[in-house]
Amino acid sequence: MELSKNYEHHDVEKKWAAYWTKHNFFSSEPNQKEPYTIVMPPPNVTGVLHLGHTLNATIQDVLIRRARMKGYNACWVPGCDHASIATEAKVVEMLKKEKNIDKKNLTREQFLEYVFEWKEKYGSIIYQQLELLGCSVDWKRKTFTMDKHYEQAVIQTFVSLYNKGLIYKGARMINWDVQAQTALSNEEVVYQEIESQLVYLNYFFADNNGNPTSEYITVATQRPETIMGDVAICVNPNDERYKKHKGRNVIVPLIGKVIPIIFDDYVDIDFGTGALKITPAHALQDYEIGLKHQLPIIDVLTEKGTISEAGTIYVGEERFEVRKKITQELQAKNFIQKTETYKTNIGFSQRTNTIIEPRISTQWFLKTQTLNAAALESVETKKEVRIHPEEKFLNTYKHWMENPKDWCISRQLWWGQRIPAFYYKETCVVAENKNAAYEQLKKQFSEIQINHIVQDEDCLDTWFSSWIWPIEVFKGLSEPNNKEFAYYYPTTILVTGQDIIFFWVARMIMAGIELKQMKPFEWVYFTGMVRDKQGRKMSKSLGNSPDLIALIKEYGADAVRFGVMISSPAGNDLLFDESALLQGKKFNNKLWNTLKLLHILQSKAAEKETSFNEQFAVQYFQHRIAQAKENIEQFYKQYKLSEILKTIYALIWDDFCSYYLEWIKPNVDEALSKHCMEQTEIFFQDLLQLLHPFMPFLSEELYQRVSVKKETDALCIKQFEPVQQYDIKIISSGDLLKTMLTCLREYRNKNNISPKEALSIEIEKQHEQTLLLSMPLLLKQGNIENLSFVSVPTKNSVPLLADRLQLFVLQKEQNKTNDLSELQKEYDHLKSFLQSVEAKLQNERFVANAKKEIIDLEKKKKADAIEKMQSLERTLYNTNKTR
C-alpha cells in the first residue's frame with residue numbers, strides 16, 4: 001500500500017481508537033497480576049477540557065499505557081464531578097435566557113429535572129474529548145459523583161462522621177458568595193491583590209446627652225458602606241494617643257448612632273490611624289472582637305449583597321454602588337478627612353469570581369483537627385503517600401495540615417447530595433433517609449407521622465463528595481469489602497494540579513485513613529499550571545486559552561500530546577507555545593518518512609553476507625538503545641516524563657534517523673543484507689514501543705506497517721522486554737564516530753566545501769585502536785580519500801576537536817585557513833566554565849545542601865572540562881609546533 005506524502009492523522013486516529021475499543025484492550029478485571037490503578041481527577045460536568053486537563057490526562061495516559069506494557073493489570077477509571085455551584089449557575093442562566101424561567105418559581109424536583117436534562121446534553125462532551133486525545137481509560141467504569149451508589153456513599157459518610165461527633169451545625173462567620181447565594185469553605189476563597197481606596201472617617205465624640213462635640217477620632221476603612229453596622233471603635237490599650245478616651249462614646253456618621261470606644265490589643269497601632277471600626281456582622285476579626293466584648297451584631301447586607309432594612313439608609317441598593325454613593329455623601333457632609341489608594345488582598349469566590357462577603361450564618365461544619373493530624377503523619381512521617389516533586393510541594397501540604405480549620409460543608413444549593421438532616425418541631429436527627437429518621441423520631445414523639453418530617457434544604461459541598469472518589473469508584477463504601485475494592489485499592493498514583501493540594505488531595509488522604517484506615521494512593525504527581533508565553537494563567541476572560549478540539553484537528557492528537565509533554569517538568573509551570581505542537585507534527589512526518597525509507601530498503605534487501613559497516617552499525621545501535629532504555633527506566637521511577645520524551649525524541653531523530661540509517665544505507669548499485677534489514681525493523685519497533693505511551697496513534701500505525709514478524713496484534717499491549725546489558729566501549733566508539741562526522745560537516749559548511757569533495761585527514765595515533773571498527777564508516781560518511789594516524793600533524797593542517805579526539809584536515813591550496821583562534825576561544829571558554837564549577841564545589845553551603853546527584857553532576861562537569869582542555873592544549877601545542 002502506497003504511503004501518503006505526509007502523515008494524515010485524522011483517519012489514523014479514528015481507526016485505532018475504534019480498534020482498541022473493539023478488542024477491549026483497556027478493560028480491566030481483577031486477576032493474578034499486580035494492579036496498577038489510576039483514578040482520573042473528575043473534571044466538572046459543566047465544561048470542556050482545557051490545556052490543564054490535556055496535560056493532566058496525557059500524563060495519566062503515559063503512565064497507564066506504560067504500566068499495561070510492563071505486564072501490570074492496568075486500570076484507569078474515568079469520571080465527572082457534578083460541580084454544585086458551577087453547574088447550578090449554568091442551569092439557572094440557561095433557564096432564564098432560553099425558557100424565561102426563574103429558579104425561585106420552580107420546586108426542587110422541577111429544577112433538578114432541568115439539571116439532569118442539561119447534564120445529559122453536555123456531560124458527554126468531556127468524554128468525547130478524552131477519546132480524541134487517545135486516553136486509554138476503562139470506559140465501562142466511568143463514574144459520576146451523582147450516581148446512585150455514589151450518592152449513597154456520600155450520605156453514609158456524613159452520617160458516620162456525625163455519629164462520631166465530627167460533624168455539627170452552628171452559627172459562625174463564613175464566606176458568602178452573593179452571586180451563587182451559598183456558603184463557601186475558606187479554601188474556596190481565592191485572594192487577589194487589588195487597588196482599593198482607604199477612607200479616613202471622622203467619628204465625632206458624643207457628650208453626655210448623645211450630642212456631637214467638636215472633637216473626633218479618625219478611623220481608616222475600605223468599607224464605608226458598612227458603617228451602619230458599626231457597634232464600637234476599637235483602639236490598642238497601649239496606644240498613648242487614645243488612653244484619655246476611655247469610657248467615651250462617638251457618633252456614627254450619617255445615622256447618628258452612639259457607640260463606645262473599646263480597647264483590645266488586636267488593633268495594630270501602626271496601621272492607618274490605629275483606630276478600628278467594629279462591624280461584627282461583616283468581618284471575621286470584628287466578629288471575634290464582638291464576641292469577646294459582648295457587642296451586638298447588626299447585619300446591614302442581605303444575602304444578595306444589597307443593603308438590608310437594618311442598614312436604615314440606601315436600603316435595597318447594591319453594596320459597591322452604595323460604597324460610591326456613601327463616600328460622596330460623607331465627603332459632602334465633611335466626615336471624610338482624606339482618602340488614599342493602597343493595595344490589599346481581597347477574597348474572591350473560586351467558582352464565580354465574585355468578591356465574597358464575610359457573613360454570620362448557620363451551617364454544617366466538619367471538625368478536621370484529628371483528620372488533619374492523621375493525614376499529615378501519613379505523608380510526612382510514615383511516608384505512606386509520596387508527593388512528587390516532594391521538595392516543591394511537601395511544605396505546602398504541611399502548611400495546610402498544620403493549620404486545621406473546621407470545614408463548612410453545607411451549601412445553599414439544590415444540585416448535589418442533600419444533607420441527611422431531618423426536622424420535626426425543634427428536633428433534628430441525622431439519618432441515611434427519611435424512613436430511618438422517622439424510626440429515630442417516633443421514639444421521642446409518639447404522635448409523629450412521616451409526612452411531618454422535613455429534610456434540610458441545603459446540599460453538601462462538592463469537595464465533600466469528591467473526597468471519597470478513589471474509594472467509591474470501586475464501591476468501597478456502598479458495597480464494603482467487595483473484591484474489586486480489595487484488589488484495586490489503594491490506587492497507585494494520583495495525577496492532579498497543585499492548586500487543589502488541600503481542596504482535594506489532602507482531603508482524600510483524610511477520608512481514606514478515617515473511613516478505610518488506608519491511604520488512598522501511593523504517589524501524588526503534581527502537574528504545573530499551564531500558562532501562555534507571557535506567563536499568564538490560561539483563562540477564558542483573557543482569551544488566551546486555545547480550543548483543544550481545534551488543536552487536535554490541526555496538529556493531531558499525538559502532536560498535541562507531544563507539545564504539552566516535551567515542555568512540562570513535574571511541578572513546573574508549562575509556558576504553552578503552539579510551536580511545540582508544530583514540532584510534534586514535524587516529528588510525526590519524520591517518523592512517517594522513516595517508514596517510507598524502511599520500505600525502500602526492504603525492497604532492496606538481499607540474501608547476502610552482512611557488510612563490515614552493517615555489522616558495526618547494528619552492534620552500535622543495539623547497545624545504544626539498551627543504554628537509552630536503562631536511562632528511561634530510571635526516569636520513569638523518578639517521574640521525569642518530560643526527560644523521557646526528550647530522550648526518545650533524540651534517540652529516534654538523531655541516533656536512528658540521522659546516523660544509523662545513513663550508516664546502513666547501501667550505495668545506489670548495492671543492496672542491504674536481509675539480516676541487517678530485519679535488525680533495523682526490530683530497532684524501529686523498539687523505538688515505537690518506547691514512544692507509544694506518549695504518541696499512541698502514530699506509533700500503532702507505524703508498528704502495524706513494519707513488515708518484520710510481530711509478537712502481538714497491537715502495539716498497545718506489546719510487553720516490554722527486560723533491559724539488556726550494553727557495552728559502553730561500543731557506544732563510545734559509535735558516539736565518537738558521530739562527533740567526528742559532525743565536526744567534519746561543520747568544517748565543510750564553514751569553508752564552503754562541497755560534500756562531494758573528498759578530504760584528507762590525520763588523527764592522533766593514540767586513537768587508532770579505538771577507531772578500528774568505525775574506520776570504514778568514517779571514510780564513507782565523511783568522504784575521506786586519505787586517512788592516516790600520526791604522532792605529529794602535517795604542517796599547516798587545520799586542527800579540529802571532536803569531543804576529546806584531535807583530527808587534522810590537510811588543506812588544499814585554495815582552502816587554507818587558520819582555526820587556531822577558534823580553538824583558543826573554546827579553550828578560554830572552558831577555562832572560565834571550569835572556574836565557575838570549582839567555585840560551586842568549594843562552596844560549603846552548596847555541598848552541604850545539594851542532593852548527591854547534583855554534586856556528582858558538577859564533579860562530572862569538572863572532569864569533562866579538564867579533559868577537553870587537555871586535548872585542546874595538545875592541539876594548540878602540536879599545531880604551533882608544526883607551523
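Author: Strand β18, which covers residues 421-424, pairs with β20 in the antiparallel sense over two bridges. This is a predicted model, in which local features need pLDDT of at least 70 and side-chain atom pairs count only at pLDDT 80 or more, whereas totals for chains, interfaces and linings use all residues. Residues are numbered from 1 along each chain as its sequence is written, and side-chain values use heavy atoms, with hydrogens and water left out.

Strands are DSSP runs of E with at least two residues, helices are runs of H or I with at least four, and both are numbered from the N terminus; two strands pair if DSSP finds at least two bridges between them. Within the pairing of β18 and β20, Y423 lies opposite V454 of β20. The open sheet consists of three strands in the order β19-β18-β20, with antiparallel pairing. Because β19 (427-430) and β20 (454-455) each have a single partner strand, they stand at the edges, and one side of each lacks a neighbour in the sheet. Helix α11, residues 434-441, packs on the sheet and touches β18 and β19, contact meaning heavy atoms within 4.5 Å. The direction of α11 makes about 130 degrees with that of β19; axes are lines fitted to C-alpha atoms, for helices over the stretch in contact, and angles run from 0 to 180 degrees between N-to-C directions.

As for the cysteines, the whole structure contains zero disulfides, a disulfide being a pair of cysteine sulfur atoms within 2.5 Å. The sulfur of C135 has its closest cysteine sulfur in C80, at 12 Å, which is too far for a bond.
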